[in-house]
There are 2 protein chains.
Amino acid sequence: MFEVEVKYRVPNHDAIRDRLKALNAKFLEHTEETDIYLNSPLRDFAKTDEALRVRVYGDGTVVLTYKGPRIGNVGKTREELSVTANDLDSLLEILRRLDFREVAKVVKRRDIYNYENFTIYLDTVEDLGSFVEVETMVNDKELINRATDEVLQFGDKLGLKREWIEKRTYLELVLERGNERR
Amino acid sequence: MFEVEVKYRVPNHDAIRDRLKALNAKFLEHTEETDIYLNSPLRDFAKTDEALRVRVYGDGTVVLTYKGPRIGNVGKTREELSVTANDLDSLLEILRRLDFREVAKVVKRRDIYNYENFTIYLDTVEDLGSFVEVETMVNDKELINRATDEVLQFGDKLGLKREWIEKRTYLELVLERGNERR
């Protein structure tokens, strides 16, 4: 499965939330997620555009995810592989023994909505601000471009300006912020 | 926690099973385990005496385990870190993307008994034959030597001959068998 996703940096969530309500979009859930990103000892994932992430949900669920390089242009489509684990500390310790190093932590609160084939995330990211992600899934690489257009058009409908599009990942934004601070 | 464990290669399990019954050892369970061993792209785990294993139990449970180098002399004490995962295929695919390579598969059936502080495994390993493992756990490195003596004395009690002790892991035995065949 390929995740087709466009992210927007927004001033706040008020207007978008109103639009979602007007469209009768379904509110799915509120989650709190802490993402721990790790880098490979073999190659710099920041350069190869891969990512290895351990995500901890508010309810304690732990998910290990490998993300391949971005495929699309506007969006940030990637292949994703995930597995749920039963223990955060053991998982992190195993990864450390295998020489993976923790490089960044992203903490966010998200409100998740569904509308037709789209999932909409209203994200508040610690130290970074407010974002909206619009996502859909396709099971064939051939469908990525069309799906990206559909996501962008639905973004227009929500009042998300195209100049707000943020191609960088939260990881990249957190790392850049860290560099600026030095 | 440190696992203190001695393994014996045995002609068969009949005599040992009789001893366990005579001692009123408690039969815990029968399991079937398929172990997939992976090697690191950075260093040869066969040389560093580490191991990365994905174990699949008969009921479908998947456990990822990292084993550090053996510490003791007679026994095969190691530090172990484990985490349970919810999906075999995704876990293996993530490990492949992180450049770990599958090097061997060990398939075994085990009957597990408990007696006092000891766990006793009667193992039948595909292509290798019959083995008995006697194990106890200690939470301090200082206690490893004493625990190893206790395991050996209990092995005597079960009629396990000291010349039957097999220091090699099942992984090493399977790999050696593979080399002999070439």
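Predicted model: local features only at pLDDT ≥ 70, side-chain atom pairs only at ≥ 80, totals over all residues.
## How to read the model

Residues are numbered from 1 along each chain as its sequence is written, and chains are lettered from A in the order in which they are written. Local features need pLDDT of at least 70 and side-chain atom pairs count only at pLDDT 80 or more, while totals for chains, interfaces and linings use all residues; side-chain values use heavy atoms, with hydrogens and water left out.

## Where the two chains meet

Let us begin with the interface. Chain A brings 24 residues to the contact and chain B brings 24 residues, where contact means heavy atoms within 4.5 Å. The size of an interface is often given as the accessible area lost when the parts come together. Between chain A and chain B the buried area is about 2,100 Å², and carbon and sulfur atoms give 69% of that. (Buried area is the accessible area, taken with a 1.4 Å probe, that two parts lose on being put together, summed over both.) Of the area that chain A buries against chain B, 28% comes from Ile94(A), Arg97(A) and Leu98(A), more than from any other three residues.

Four salt bridges are counted between chain A and chain B, a salt bridge being a side-chain nitrogen of Lys or Arg within 4 Å of a carboxyl oxygen of Asp or Glu. There is a salt bridge between the side chains of Arg43(A) and Asp99(B), at 2.4 Å from N to O. Eight residue pairs, both residues at pLDDT 80 or more, are in polar contact between chain A and chain B. (A polar contact is a pair of N or O atoms within 3.5 Å; within protein, one must be able to donate a hydrogen and the other to accept it, and residues adjacent in sequence count only if both atoms are side-chain atoms.)

Strand 4 (62-67), strand 5 (78-85) and helix 3 (88-97) of chain A each supply at least two residues of the side of chain A that touches chain B. Helices (H or I, at least four residues) and strands (E, at least two) are DSSP runs, numbered from the N terminus. Strand 5 of chain A gives the most to this side, with six residues.

## Helix 3 of chain B

In chain B, helix 3 covers residues 88-97, and Ser90(B), Leu91(B), Leu92(B), Ile94(B) and Leu95(B) in this helix are buried. Buried means under 20% relative accessible area, exposed over 50%, and partly exposed in between (1.4 Å probe, protein chains only).

The N-terminal end of this helix is capped by Asp87(B), which has a side-chain oxygen 3.4 Å from the backbone nitrogen of Asp89(B). Just after the helix, Asp99(B) takes a positive phi of about 80°.

## The nonpolar core

The largest nonpolar core has 34 residues, and those with the most contacts inside it are Leu52(A), Val54(A), Leu52(B) and Val54(B). Such a core is a set of buried Ala, Val, Leu, Ile, Met, Phe, Trp, Tyr and Cys residues joined through side-chain atoms within 4.5 Å. Leaving out residues up to four places away in sequence, Val54(B) touches several residues, including Ile36(B), Leu64(B), Leu91(B), Leu92(B) and Leu95(B).

## Salt bridges across the structure

Over all chains, the structure holds 44 salt bridges. One of them joins Asp156(A) to Arg162(A), with the closest N and O atoms 2.8 Å apart. Asp156(A) is partly exposed at 37% relative accessible area, and Arg162(A) is partly exposed at 42%.

Glu166(A) pairs with Arg168(A), the closest N and O atoms being 2.8 Å apart. Here Glu166(A) is buried at 8%, whereas Arg168(A) is partly exposed at 33%. In chain B, Arg43(B) and Glu50(B) form a salt bridge at 2.7 Å, N to O; Arg43(B) is partly exposed at 24% and Glu50(B) is buried at 10%. A network of salt bridges links Lys7(A), Glu33(A), Asp35(A), Arg55(A), Lys108(A), Arg110(A), Asp123(A) and Glu133(A).

## Two single residues

Leu128(A) sits in the loop between strand 7 (118-125) and strand 8 (129-138) of chain A, and is buried at 14% relative accessibility. Beyond its neighbours within four places in sequence, Leu128(A) is in contact with Arg9(A), Tyr170(A), Leu173(A), Val174(A) and Arg177(A).

Asp149(B) belongs to helix 4 (residues 144-157) of chain B and is partly exposed at 43%. The C-alpha atoms of Asp149(B) and Asp123(B) are separated by 22 Å, the two residues being 26 residues apart along the chain.
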